[in-house]
Structures are given as structure tokens and as C-alpha cells.
Amino acid sequence: MSTKKFINAVIYKHDDANEILVENGKFKAIGKDLGPADEVIDLEGRLVLPPYVDPHIHLDYVYTGLEGDQTGSDSGTLFEGIERWAEYKRTQTVEEVKERALRGIKEQMSYGTQYIRTHVDVTDPNMTGMKALLELREELKDKVTLQLVSFPQESMYSYKNGLELVEEGLKMGADAVGGIPHSEIARLYGEKSVQQMMELAYKYNRMVDVHIDENDDPQSRFLELLTAEAYYNDYGKYTAASHTCSFGSADDSYAYRMIGNFIKTGLNFIVAPTENAYLQGRYDTYPKRRGITRVREFVDHGINVGFAQDSIADLFYPAGNGNLMNILDNGIHLTQLMNDEDFKRNFDLITYNNAKTMMLDDYGLEEGNSANFIVLDAPDVYEAQRIRADVLASVRNGEYLFKKKPVEYDVELELD
Ligand SMILES: Nc1ccnc(=O)[nH]1
């Protein structure tokens with residue numbers, strides 16, 4: 001039995017501990033003066049967090065925006081993104097998707113992410129993306145946890161056999177069923193798609209993660225129906241609502257009625273702060289909306305919510321590098337989560353809250369769990385957010401996935 005002890009650590013949500021003892025790849029103890037170990041590693045007063053969790057990305061799309069002579073779309077709208085991707089995907093192969101997705105996974109992991117939920121477009125009779133991501137999920141499982149959503153980007157009813165293809169993705173092994181009701185051609189079809197998704201989830205015993213109300217239209221209220229379905233079937237904890245931008249345009253009277261229903265249902269929310277700040281508000285002049293749902297209220301009411309890196313240089317969004325610290329930084333600015341209490345728990349938005357949404361059962365800095373954690377180049381959570389600290393090490397099952405030297409920020413400036 002080999003043991004490792006990490007000493008001089010500042011451990012997230014363990015104010016009374018400064019040491020981590022790892023035995024055979026598991027957390028054996030988190031505390032003080034934990035006794036001898038085969039190997040002792042000095043973390044020199046740095047912050048330890050559970051690994052970052054990205055609950056929403058499109059790994060089948062990553063870097064497609066870098067391939068032509070144009071990054072991003074002309075209009076910057078979601079609809080142009082969908083059209084350009086529909087064109088692009090027709091000729092791609094499983095090997096090509098694997099290559100791009102692997103590059104995306106590596107880029108994400110290099111910033112401390114170890115858990116990723118990716119939507120995979122199944123509006124493709126060849127199921128090219130699903131085949132590629134299923135292979136990667138298996139090949140990489142010891143290093144990174146991947147969850148796949150069977151997602152109909154070109155929508156369930158507008159695309160020929162869309163519903164059947166979503167079901168096919170589940171039969172092939174996707175972890176969750178997806179949908180995009182706001183893209184269906186009429187409200188009725190959007191509503192039908194929500195009900196069909198839930199039926200598929202019950203039939204195959206899978207989670208649900210819906211692109212929902214990703215627009216600025218306060219009349220787009222598919223979230224209301226998703227909540228009701230999840231509520232009546234006691235499925236809230238298995239269900240995630242992604243984007244919900246239009247809820248940021250809802251008036252207070254409606255919003256607070258819904259907030260009560262979200263609480264009763266135990267629904268999970270996923271927000272893409274950088275992508276939706278970029279994609280939304282495109283039809284506004286001024287004031288110009290920022291595309292972000294009511295995260296402040298969700299946090300204040302104990303509704304589970306987290307941030308995600310939706311895109312990396314794809315045909316929907318021209319930036320992104322998979323660094324969730326950047327997403328957290330943008331997210332807390334756009335949602336104004338920057339008071340003293342917020343700073344103490346903001347890291348939940350890219351760690352524990354997303355782990356809850358993904359229903360990860362072996363996650364977090366607790367005895368008995370797999371010894372997975374990251375080390376930040378900062379002495380506490382506030383400093384980590386203020387300076388947007390680098391992740392210096394990522395540890396999985398007690399072994400380093402990577403370890404790097406801190407950057408010297410204390411340059412000598414001669415100003416006098
Ligand atoms: N933000 C988005 C990226 C990809 N597909 C979508 O429907 N939305």
C-alpha cells in the first residue's frame with residue numbers, strides 16, 4: 001500500500017485542515033498532523049480545489065471555426081452558427097471528430113478540468129460525432145470523465161427523423177437526452193419535443209440536459225414546461241436546463257413564480273456566460289441585453305447552477321480555450337456575484353454545483369473518494385479569483401496528470 005501526503009495546503013471548504021493523505025489513489029484523510037507517509041509533497045500554502053467540471057461543451061464542434069478563412073459568423077447569432085455547422089458537418093469523418101475533440105479535451109484538462117459533459121449532434125444519419133465521442137469516452141476514462149448528451153442540433157422535428165436519431169444516440173450509449181425546443185418551427189413542436197425528451201429519459205433511464213430558451217424572447221417559455229414535466233415525474237435532480245437566456249428577460253412576477261417551481265422541482269441550471277454574452281442581444285439596439293439568466297436569484301434561493309465553456313473556437317463562438325477560471329471570472333462579472341459571501345463560494349459554480357448537475361457520485365474533497373484535485377497558484381479563494389490564478393497541478397487517483405512551475409508575477413519595476 002503506498003501513501004502520499006500533501007502538506008501545507010489551503011483546502012476548499014476544509015478550514016480546519018491543511019494536509020491530505022492519499023492511499024491507493026483515494027483520499028484516506030483530510031485534516032491536520034496526519035502522520036507519516038511514503039512520500040510527502042509540500043504545497044507551500046497553495047489552494048486545493050476539487051477538479052473543475054465543465055457540464056456543457058460541444059466537443060464535436062471545437063476548432064471548426066479555425067479551419068476556414070473566417071473565425072465566427074458574420075451576424076454573431078445562434079442561427080447563423082447552426083446553419084454554418086449544418087454545412088460543415090456533412091463531410092466530416094469519425095477520425096476527424098476524434099482528433100479535434102481530443103485536442104479540446106487536452107486543452108480543457110491543461111487548465112484543471114477532469115469532468116466534461118459534451119453535447120453530441122445526432123442530426124446526422126451516420127452518427128459520426130456520437131461514434132467518435134463514444135470511443136473517446138472509453139479510451140480516456142481513467143484520465144477524464146466524459147458524459148455524452150444525444151443532442152439534435154438541427155432540432156427534433158424540423159430534421160428528418162430527428163426524434164428517432166435522438167433515441168438512436170441513447171441506444172448507442174449516450175448518458176443523457178438533449179433537445180432544443182426554441183429552435184423547433186412552432187411552439188407546439190417545441191413543447192412536444194420537451195415531452196418526447198422526458199419520455200425517452202424515463203424509457204432509457206437517462207439524465208436530461210436541454211438547450212432551452214437560448215434567445216432573448218420573453219415569450220420563449222419552454223423552461224416552464226420542462227419544470228412541470230420534471231416536477232410531476234420527480235425527475236428534477238436528473239434534469240438540467242442549459243442556457244435559459246430568455247429567463248433573464250422575464251418580468252419579476254413571472255420569474256418569482258417560476259423560481260418557486262424550480263425550488264420544488266430541484267432542477268439544475270447550466271449557464272454559458274461568455275458564449276451567451278456573445279450570441280445574445282444581437283437584435284437589440286440599446287439597452288442591449290447580455291444573454292444571462294437570473295443566476296443571482298438562483299444562488300440566493302439555493303437553486304443549483306453552474307458555469308460552462310460551451311464552445312472553443314467553433315462556428316458559433318470565435319474564442320474560448322477551455323479555461324474555466326476565465327469562465328468563472330466572466331460569469332461572476334456578468335451576474336455581479338462579487339460580494340464577500342459570493343467570493344467564498346463562487347468556486348462551487350465550476351466545481352461542486354456542476355458535479356451535482358452531472359450526478360457524479362465519486363467527486364469532491366472527502367475521505368473515501370478518488371483522490372482527484374487541483375492546486376491553484378494562490379493562497380485563498382478570494383486571491384485566486386482576484387488574480388485569476390493558474391492551476392499548477394491536476395491530480396487524478398493520487399497521481400499527477402500534470403504539474404507546472406508558477407509564473408513569476410513579481411517583476412522588479414524600477415519606477416523611481
Ligand atoms: N450556444 C450554442 C452552441 C451550440 N449549439 C447551440 O444550440 N447553442
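Me: How many Å apart do the C-alpha centres of domain 1 and domain 2 lie?

Reply: In this predicted model, the separation of the two C-alpha centres is 30 Å. The domain assignment places residues 3-50 + 367-403 in domain 1 and residues 52-358 in domain 2.

Me: How many residues of each domain are in contact with the other?

Reply: Contact here means heavy atoms within 4.5 Å. By that criterion, 22 residues of domain 1 touch 24 residues of domain 2.

Me: What area is buried between domain 1 and domain 2, and which atoms contribute?

Reply: About 1800 Å² is buried between them, and carbon and sulfur atoms give 56% of this. On the domain 1 side, Tyr 12, Gln 385 and Arg 396 supply 35% of the area buried against domain 2, more than any other three residues.

Me: How many salt bridges does the rule find across the interface of domain 1 and domain 2?

Reply: The rule finds 2 salt bridges between these domains. Lys 13 and Asp 348 form a salt bridge, with 2.6 Å between the closest N and O atoms.

Me: Which helices and strands each supply at least two residues of the side of domain 1 that touches domain 2?

Reply: They are the strands β4 (39-49), β13 (373-376), β14 (391-396) and β15 (399-403), together with the helix α13 (381-386). By residue class, the side of domain 1 that touches domain 2 comprises 15 nonpolar, 4 polar and 3 charged residues.

How values were computed: Residues are numbered from 1 along each chain as its sequence is written. This is a predicted model: local features need pLDDT of at least 70, side-chain atom pairs count only at pLDDT 80 or more; totals for chains, interfaces and linings use all residues. Side-chain values use heavy atoms; hydrogens and water are left out. Domain bounds come from an automatic or database domain assignment. Buried area is the accessible area (1.4 Å probe) that two parts lose on being put together, summed over both. A salt bridge is a side-chain nitrogen of Lys or Arg within 4 Å of a carboxyl oxygen of Asp or Glu. Helices (H or I, at least four residues) and strands (E, at least two) are DSSP runs, numbered from the N terminus. Ala, Val, Leu, Ile, Met, Phe, Trp, Tyr, Cys and Pro count as nonpolar, Asp, Glu, Lys and Arg as charged, and the others, Gly among them, as polar.
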